[in-house]
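Please consult the structure below while reading.

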Amino acid sequence: MSRYLGLRRLHEVRGFGGFGRSALIAASVTALSLTASGCVVVHGEREVLPATTRAAAATALQEFTAAYNKADKAYDSSLDAEYTTGALADIDSARLTAGKANSPDGNARHAPLKLTDAKFTIPKKAGWPRWFLADAAGNKGGDSRWLLVFTRSGQDETWEAAYLTLVAPDALPKFAVDEDGWAEAVPANAADPAVPPGELSAAYATYLKKGEDGGEAAFAEGPHTSAWRELRTKKSVRPGLATQYIDEPMTNGDYAPLALRTEDGGALVFFTTRHFEKQTAAAGASVPTPNKDVLALTTGEIRQTLTMEFVSNQVALDPGDDGGGDGEVEILGRIQGLTSAKGE
């Protein structure tokens, strides 16, 4: 792994390492309920409860959208920092930082994001964090549905969007719900999906590096699997420019995977990965000059190499292991953003 030391070192010198929001803090909420026999203490961390009400979920979506639009118009990441976390916070903060560097007066091309026809899938679960899925139509991204996962780690905390992906309108599965319409959260270590949700990030990183022969998990062909691997292979053999890739799982704290049970016993899983792309020019040559947004996030002087770091969040259909279907994990949507770069 010595040839990747430059990539690993980037973790220590990332100019934008401060993007990460504080890790989700475990909290407990104690509620008191009166019964005929006296006072009974109900511990929020142990009680299985819906994450929120549908009205509160709608309010959270509205507040996020308003803050997102203010931040986008001003290119000011502080304006929506309270409403984002995890992968989305990293991607959004970097985008706004680059925008501010190149357009100090704000985003002249700003067009407000409008989300309509929102549907909410709210799981019942014990403990924190609690979370829910918002599925809405947007005025950007064609006819794709906007999927936002909101999470919080305490009753008095603000709902923060941790995941954002866009998917085709007919791609979403039907969720398993109880008689009151509440969904079921799938634990990270659940063994009944084809891949436990907690292992999906690592399995995806292994697949991108080695293909189907490199790991136990099988991924369906598509733009975020086979086509992406093929594109990276072509880029790695350009004359005069060598490109190396490293893919890493991200599973802790704000980047923890979140999964919902589907009707067929599988899971819809939201998860995060980190990706490095290192371009090295041949002797006597130089790395092609990147665009101004990359330059805005770059530290060091680009001479022989440019190492870029990306954060990516995915939503995957993880089938049940009951023997039905082909057992392949399907990546339904993925949004990736450059978070930092280093020239040498």
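## Strand pairing around E7

Strands E6 and E7 pair in the antiparallel sense over eight bridges. Here helices (H or I, at least four residues) and strands (E, at least two) are DSSP runs numbered from the N terminus, and two strands pair if DSSP finds at least two bridges between them. Within this pairing, Ala136 has Trp146 in E7 as its bridge partner. E6 and E7 form a hairpin with six residues between them, and Gly141 in the turn has a positive phi of about 85°.

E7 is also joined to strand E8 (residues 160-167) by seven bridges, and these strands run antiparallel. Leu147 stands opposite Thr165 in E8.

## Basis of the model

The model is predicted: local features need pLDDT of at least 70 and side-chain atom pairs count only at pLDDT 80 or more, whereas totals for chains, interfaces and linings use all residues. Residues are numbered from 1 along each chain as its sequence is written, and side-chain values use heavy atoms, with hydrogens and water left out.

## Burial of E7

Eight of the eight residues of strand E7 (residues 145-152) are buried, so the strand is largely enclosed by the rest of the structure. Buried means under 20% relative accessible area, exposed over 50%, and partly exposed in between (1.4 Å probe, protein chains only).

In a regular strand the side chains alternate between the two faces of the sheet. In E7, Arg145, Leu147, Val149 and Thr151 point one way, while Trp146, Leu148, Phe150 and Arg152 point the other way, and all are buried.

## Backbone geometry

Most residues other than glycine have a negative phi, and most peptide bonds are trans. Tyr75 has a positive phi near 50°; this residue lies in the loop between helix H2 (54-74) and helix H3 (86-102) and is buried, with a relative accessible area of 12%. Asp117, in strand E4 (residues 115-121), has a positive phi of about 50° and is partly exposed at 45% relative accessible area.

The peptide bond from Trp128 to Pro129 is cis, with omega near 0°. Pro129 is placed in the loop between strand E5 (123-125) and strand E6 (130-138).

## Position of Glu328

Glu328 is found in the loop between strand E14 (305-318) and strand E15 (330-343). Its relative accessibility is 31%, so Glu328 counts as partly exposed.
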